[in-house]
Amino acid sequence: MTDEILDDEHSGAAARIDWGLWKRLLAYSKRYPRTLGIFVTAAIVVGAADTGIPLVTRGAIDAVTAAPPEIDTFELLWPYALAYAGVSLALAGGVFTFIRCAGILRPRIARDIRRDAYANLQRLSLRFYDRRPSGWLVARMTSDCERLSNILAWGVLDVVWGATVMSGIATAMLFLEWRLALAVLVFVPLLAWISLWFQRRILQSSRAVRGVNSRITAAYAEDLAGVATTMGFAREREQHADFAQLTERMAQHSIANALQAAVYLPVVLTIGSLALALALGLGGQHVAVGALSLGTLIAFMTYARQFFEPVQQVAARFAELLMAQAAAERILGLIDEVPEIGDSDEVRAILAAGEGRARPAGFAADGLPDRIGQIRFEHVSFHYDAGEPVLADFNLTVEPGQTIALVGETGGGKSTIAGLLCRFYEPTAGEILFDGVDYRQRGLAWLRSKLAIVLQTPHLFSGSVLDNVRYGRLDATEEDVRAALRLVGAQTFVDKLEKGLDTRVGEGGARLSTGQKQLISFARALVAEPEILILDEATSSVDTQTERAVQRALETVLHGRTSFVIAHRLSTVRSADRILVIGAGRILEQGNHQELLALRGRYHELYTGQSLVADGERKAAWEAVR
Amino acid sequence: MTSLASESTAAGRFARHRTLLELTRGQRLRYGGAMLALWAGGLLTLGVPLVLVEPINRLAAGDVVPPRVLWLHGTAAVLITAGAGLLTYLRGRWAAQASERLVEGLRNRLHRKLHELPMSWHDRAETGDVVQRCTSDVETLRVFLAQQVVEIGHAALLLLTAAPILFLLDSTLAVTSIVVIPVILVFAVSFFGRIQKRFTEVDEAEGELTTAIQENLTGVRVVRAFGREEFELERFDACNDLFRARTERLLRLFAIYWSLSDVLCMTQMGLVLLHGVARVHAGLLTVGDLFAFIAFVGIFLWPVRHMGRVLADTGKALVSISRLEAVLDQPVEQDPELDQTLPATVRGELAFEDVTFAFDESTRAVDGISLTVPAGSSLALVGPPGSGKSTLVRLLGRFDDPDRGRITLDGIDLARLPRSWVRRQVGLAAQEPFLYSRTIAANLTYARRDAGADELERVARDAALHASIERFEKGYETLVGERGVTLSGGQRQRLSLARALLADRPILVLDDTLSAVDTRTEAEILAALERRRGRATTVVISHRLSSVVAADQIAVLDGGRVVQRGRHEELIGLDGPYQRLWQIQTALEDELDDDLQRTAGAEIAQGTPEGSVKP
């Protein structure tokens, strides 16, 4: 399923237009009813003006051919000059108005769609994110939104304008000389069919171009990131050869795309000239016998060539709708996706009822005690999509203030326990209880305000160090931030940065080392003053000396706080109140450091492997220290 | 961006115009053909109204025009249109072929260039920015090459060649027909000149918005953990609305431009119509000629209005080319004249002689380091971050060259050997390794293409990775990265190690490769490496002393200098940083030892479990 969702480059045009889908998107423009009304009116005015100009020309020519030479030129021309000026001004005014309106509608529709999708993304559970690469989501939020709003705004314009021009021309011609009009209009279906045929093909091949193009971008990004590896293995030549294949395909696709476009326009213009020839051949005979005025003939010839433009525009929009349908489905899918995790209806009702009212001291917004006491996992099982269980019938009771260490092999389920505790995921069976209450009956915002997590791969935002630490508690003072940094031993390196706390860390913290990022995200967690602290390999990339400093700080930090520590390093684990050895989704052993060692089981096995030093050498080390 | 600093100088501008011209080298014939076709097509289009002049005039005069004549002229109009269409097609074909081939060459050139640039350049460059240049700027150039190169001068050329026809028909009306055109031209050019800044503003706002979204999505765990959804939404709203506001402002300018431009164009057409009708009335012009004039003006006006766009795109292309040149003109890694025959076999004896290197003026990353590593032996580098360990490794792979001193391999100065050859002697496993988003097998064979499945398995076993790989559904064919499985930090490191082992090169470098590997696995790997002892000269960097105790030689670095050197047994006996480091790391182990002894009673009852790794 995932592949289907993600494969946007190869999905072709939809077979037919799903109007329901587009109506929903079009509803976004109805948020601006006045602008939309003016917009449509302006498009009609412009279409009408476009139709009107050949009529003015016709009138002037007929007047001059019929007029006796003694009539004053001014006398003869002024009505037409006036009409022409009027039509011109209507045209220019209309053009200004509709571009202006489109300029208001298009960015706003894009903004609104994007905002709805973004707001929903903030609610969707991590399972949703697990299935979709972030780059894919970014593309939906940026290029798809732009593309759809473009289609909506300019599409409405082109269709309204096109329909007006086409019906205007048809009406004018039928009114002027209906038989000749029918003869000329015979070409319209042909023109429409050919236009649609070409437009679909052009859009399809441009999709192929886009597909290769995104692969080229990906190749640049990957090769650039791996340039040291490529150089290290001296594999430049193969890398170039792979890349050259991509650019060759790109050139072929692009040329094919350009050739289709290059054939299309001449074909359409030639069909237009066929209509013109027909108008001349048939109409000329009418003129010759006096059944048709010369001005009318000229108007017919002008119309014959003018007709192709709206047909072409409307066909292009129609083809675009078919091609963009997948994008429309994707973005509406994002907006519609129901969060798997969120406040239950009961909780929401309580929260709504309590809004604006003062709540009794010691109670949270959801009406239950604010502080967290005992935490219990009861028969908790968990598996990711259709996967094997990561956690199976897991039971654990944690008393307030306890430090629980989780150790064991990678993939054993340690991080899953942390994720469940944060309610990033919910148990697939069993329940997690805070003071006896299932946490699904409590407010999500309340839970998140109570805990802080430090991740192995720390994520920083592109602001300053200060901004990043403050993310933990938005109203933290600079002094609070400094204190937190000092506590984790990050003060020294932060002070050495060019602007200290105000140094910008770059996108994703790119200007800092992994260890430094870990320390800052650690400080961010501390500044939040959480009741529950979760450390998921929080200091794995920090060097030994700093690790020592952090170790000392931890004693202060963990004191009196319920905490969960996932770590490989023995030094981090051994002072925990309780150590759980996790493997294959179960607790294999538990107890404190002493007890577990005495057990001579997995724990013992894990940690006696830490030292590779022979006994004698270890003793020598002792002597040296003494 | 510094590369854009010189933009406004006249000389710089001229130079870039020349580069733009030089860019077309190799495809000039096609471009010439395309320009010719465009011009000829434009001229031919003028023929359509011209063939209609005669029948209209005869009809106006009240002649009895035989249908045959009407059909004949009608057919001529169709044929001329088709002929002009053929020329239009040829123009499109040649322009597309020329531009796409040029861009293909440019893309390949950039890709090659990126692999020739020195590592010091890559360190400073921001990946996002470079990718942007290689894609967006190339795209801007592509649009320019595909569409605008041919258009340059088209309007002028068409006007110049068509004007005589107009003057032949009626010189007075000819003047009227072109009188507003210069105004339209000036208006178009000045508008697109001014609007440039607005375009940049929109692009910037879009960039900020994309970054904001990107950061929010990649940091989703952090956002959720701190319950910052509202805060994020506010931050997003600001970016989102800024982009909206700037787009709206740009489009408002377009509304003004197109409507004013329409007024001017309509004025031009209106003047021709009214003046023409007046002249017809005065008997100075035939109706057919008037028809031709009106049609001509319609044909002229489009390229004239389009001129502003051509110039605007040219301006953008000039900016893009200067951004690309900032990459293309960077000096590449130079290999000196080869005065050294390449050694047929490499033993792997390394010597650092007074090696000094500084990334910038202020501090030396490596300061006078001298070390000798006999072939097949191992050297461990320890020291605090920034002490110069990784810099030494870079110098060893000739990603940089020492400012002073030299590094020799089997007695030959590396600086006298080709870089790619030097790099082929070194197998590197990194702390944060780069993996390609291909299969595990493909990532491994990157080191040696001809390696068989059994060899892959062997190195994976040595790197304690085989069991993990086997657990994946597709085993060695498992895709790594965004579209495949996400490997843990330790797994990535082990894969990198396996890759380096597969390369089987005279020198093996482990740059803190086991930092994310758990201690038990580390023990397995170290045991495997021990079995390979002597096979390659090994350089190990590690913060974990367990990884370095077995080394033949340990060098403790600090501030770019060697502060201590010796075997583990020697160093722990000396008062110094190594000893202190050792104490810190062993204190715990010894406490563990005590713990073990204290719990020894339980051991007797339980017995030693099988499969534990013995010290």
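What are the helix content and the distance between the end C-alpha atoms over residues 151-174 of chain A? The legends below describe a predicted model, and the first of them takes up this span.

Figure 1. Residues 151-174 of chain A are 100% helix and 0% strand, and their end C-alpha atoms are 32 Å apart. This span is one of those listed as "transmembrane region" for chain A in an unreviewed UniProt entry, which gives residues 36-57, 77-105, 151-174, 180-198 and 258-280. Residues 258-280 of chain A are likewise 100% helix and 0% strand, with 34 Å between the end C-alpha atoms.

**Figure 2. The spans recorded as "domain: ABC transmembrane type-1" in chains A and B.** In chain A, the unreviewed UniProt entry assigns this name to residues 42-323. That stretch of chain A is 91% helix and 0% strand, and its end C-alpha atoms are 28 Å apart. In chain B, the name is given by an unreviewed UniProt entry to residues 33-316. Here the content is 92% helix and 0% strand, and 25 Å lies between the end C-alpha atoms of the span.

Figure 3. Chain A is split into domain 1, residues 2-336, and domain 2, residues 375-625. The C-alpha centres of these two domains of chain A are 56 Å apart. For chain B, the assignment gives domain 1 as residues 13-328 and domain 2 as residues 350-604. Between the C-alpha centres of domain 1 and domain 2 of chain B the distance is 57 Å.

**Figure 4. Overall form of chain B.** Chain B contains 21 helices and ten strands. Its radius of gyration is 37 Å, well over the 25 Å that the globule rule gives for 615 residues, so chain B is more spread out than a compact globule. Along the principal axes, the C-alpha atoms of chain B occupy a box of roughly 125 × 65 × 50 Å. Of the 615 residues in chain B, 46% are buried. Among contacts in chain B with a separation of 6 or more, 78% are between residues 24 or more positions apart.

**Figure 5. The contact between chains A and B.** Chain A contributes 141 residues to the contact and chain B contributes 146 residues. On the side of chain A that touches chain B, helix H10 (residues 236-288) of chain A supplies the largest share, 30 residues. By residue class, this side of chain A comprises 80 nonpolar, 43 polar and 18 charged residues.

**Figure 6. Nonpolar cores and the surroundings of A:Ala279.** The largest nonpolar core has 275 residues, of which A:Ala279 and A:Ala523 touch the most other members. Beyond neighbours within four places in sequence, the contacts of A:Ala279 are A:Leu180, A:Val184, A:Phe300, A:Met301 and A:Ala304. A second, separate core of 74 residues includes B:Leu435, B:Ala463, B:Ala498 and B:Val562. As general background, nonpolar side chains tend to be buried together in soluble globular proteins.

Figure 7. A:Arg470 lies in helix H16 (residues 465-470) of chain A. This arginine is buried, because 23 other C-beta atoms lie within 10 Å and the threshold for burial is 20 or more. Apart from neighbours within four places in sequence, A:Arg470 is in contact with A:Ala476, A:Val481 and A:Val527. A:Ala523, 53 residues from A:Arg470 in sequence, is 9.0 Å from A:Arg470 in space, C-alpha to C-alpha. A:Ala523 is also one of the two residues that touch the most other members of the largest nonpolar core.

Figure 8. Most residues other than glycine have a negative phi. A:Ala584 has a positive phi of about 50° although it is not a glycine. The residue is in the loop of chain A between strand E9 (578-583) and strand E10 (586-591). A:Ala584 counts as partly exposed, with 15 other C-beta atoms within 10 Å. A:Arg600, again not a glycine, has a positive phi of about 55°. A:Arg600 is placed in the loop between helix H22 (593-599) and helix H23 (602-608) of chain A. With 22 C-beta neighbours inside 10 Å, A:Arg600 is buried.

Conventions
Residues are numbered from 1 along each chain as its sequence is written. Chains are lettered from A and ligands numbered from 1 in the order in which they are written. This is a predicted model: local features need pLDDT of at least 70, side-chain atom pairs count only at pLDDT 80 or more; totals for chains, interfaces and linings use all residues. Two residues are in contact if their C-beta atoms, placed from the backbone, lie within 7 Å. Helices (H or I, at least four residues) and strands (E, at least two) are DSSP runs, numbered from the N terminus. Ala, Val, Leu, Ile, Met, Phe, Trp, Tyr, Cys and Pro count as nonpolar, Asp, Glu, Lys and Arg as charged, and the others, Gly among them, as polar. A nonpolar core is a set of buried Ala, Val, Leu, Ile, Met, Phe, Trp, Tyr and Cys residues joined through C-beta atoms within 7 Å. A residue is buried if 20 or more other C-beta atoms lie within 10 Å of its own, exposed if 12 or fewer, and partly exposed in between; C-beta atoms are placed from the backbone. Domain bounds come from an automatic or database domain assignment. UniProt positions are given in the numbering used here, feature names are shortened, and annotations may be inferred rather than shown by experiment. The radius of gyration is taken over C-alpha atoms; the globule rule is 2.2 Å times the number of residues to the power 0.38.
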